[in-house]
Amino acid sequence: MQVTSLGGLEVSRIGLGAMGMSAYYTGAGREEAESVRTIHRALDLGVTHLDTAEVYGPYVNEELVGRAIKGRRDGVVLATKFGLVSHTGRPGPDGTPANIRAAVEGSLRRLGTDRIDLYYQHRIDPGTPVEETVGALSALVAAGKVRHIGLSEASAATIRRAHAVHPVSAVQTEYSLWTRDLEADVLPTLRELGIGLVPYSPLGHGFLTGGIRSLDGLDAGDWRRTNPRFTGDNLTRNLRIVDQVGEIAVDAGATPAQVALAWLLAQGEGIAPIPGTRRVDRLEENIAADGLRLTADHLARLADLTPASGARHAEPDMAAIDR
């Protein structure tokens, strides 16, 4: 597995997002032993970057990751997030110093570690100046409890303000063949400041793999059932994107998932996607994208894909993005 740098933090170019092992998607919380095997296999194959958050469950995903990396902690770049669970009783995202101090202690305990390699603010708290939040994170770095800090779904202006207080190593946001809005402002800002990018949902919540052509196989509580891109006529329209990616995959001798990941890796250094899976076979498929080199023609065709129909999140979730 090749590596890249997130603002000075070296990680495998492809990481593993653990969220779906515990929450939000069909099958989450089932077959925990298989999820642990998947994490172990990832580490064996050179994946160093594992991503979780306190809100996944909440809490149970951090506990799962902590159990899986027991005895192997030194080989892991461990990332987690705070702010969508309030420990102070405040509604909405909580970026107050008091909440951060409580959150980090809980995450350290659940993860079974004495330090977090990359600690993100999960969503920007509009009621707390980002300078105040980052000041509290900087204190955690000074105390040795956190090595690097990050932001998730932050605007370019907020990223600049945060970086002026303490170096931001990475920004996590949705980025994939069907979600490219960050290319206008956020990505150029990251390039300018030397901040890494961690794309979450790089496979479009599983849609870009070609394995979802209807909602029939999704659990009743699967988050995608209410996502605008998976509902109504949008799903039918978006299948055109999947079919276009599939045609390129056949031409490249790869799978659609591998094409989607290889496209992200082709966007330059400092980009480390974190596709999520509970299955060893899917993990191995995703990791193989590290060795896939798309041609100039493939990249041009992918750049010209049909735009996605529907917002990438429901309206309440979109309100917390790009603050």
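Helix α3 (residues 97–111) lies across the strands β5 (77–82), β6 (116–121) and β7, and runs at about 140° to β6. Axes here are lines fitted to C-alpha atoms, for helices over the stretch in contact (heavy atoms within 4.5 Å), and angles run from 0 to 180 degrees between N-to-C directions. Helices (H or I, at least four residues) and strands (E, at least two) are DSSP runs, numbered from the N terminus. The model is a predicted one, in which local features need pLDDT of at least 70 and side-chain atom pairs count only at pLDDT 80 or more, while totals for chains, interfaces and linings use all residues. Residues are numbered from 1 along each chain as its sequence is written, and side-chain values use heavy atoms, with hydrogens and water left out.

The sheet comes next. Seven strands form an open sheet with parallel pairing, in the order β3-β4-β5-β6-β7-β8-β9. Each edge strand, β3 (16–17) or β9, has a single partner strand, so one side of each is left without a neighbour in the sheet. Two strands count as paired if DSSP finds at least two bridges between them. Between β7 (residues 146–152) and β8 (residues 168–174) there are four bridges, in the parallel sense; Ile 149 has Val 168 in β8 as its bridge partner.

Buried means under 20% relative accessible area, exposed over 50% and partly exposed in between (1.4 Å probe, protein chains only).

Finally, consider helix α8. Ten of the ten residues of α8 (residues 256–265) are buried, so this helix is largely enclosed by the rest of the structure. Its buried residues pack against β9 (196–200), α7 (232–252), α9 (280–287) and α10 (296–303). The largest nonpolar core has 78 residues, and Tyr 119, Val 259 and Leu 302 have the most contacts inside it. Helix α8 gives the most to this core, with eight residues. A nonpolar core is a set of buried Ala, Val, Leu, Ile, Met, Phe, Trp, Tyr and Cys residues joined through side-chain atoms within 4.5 Å.
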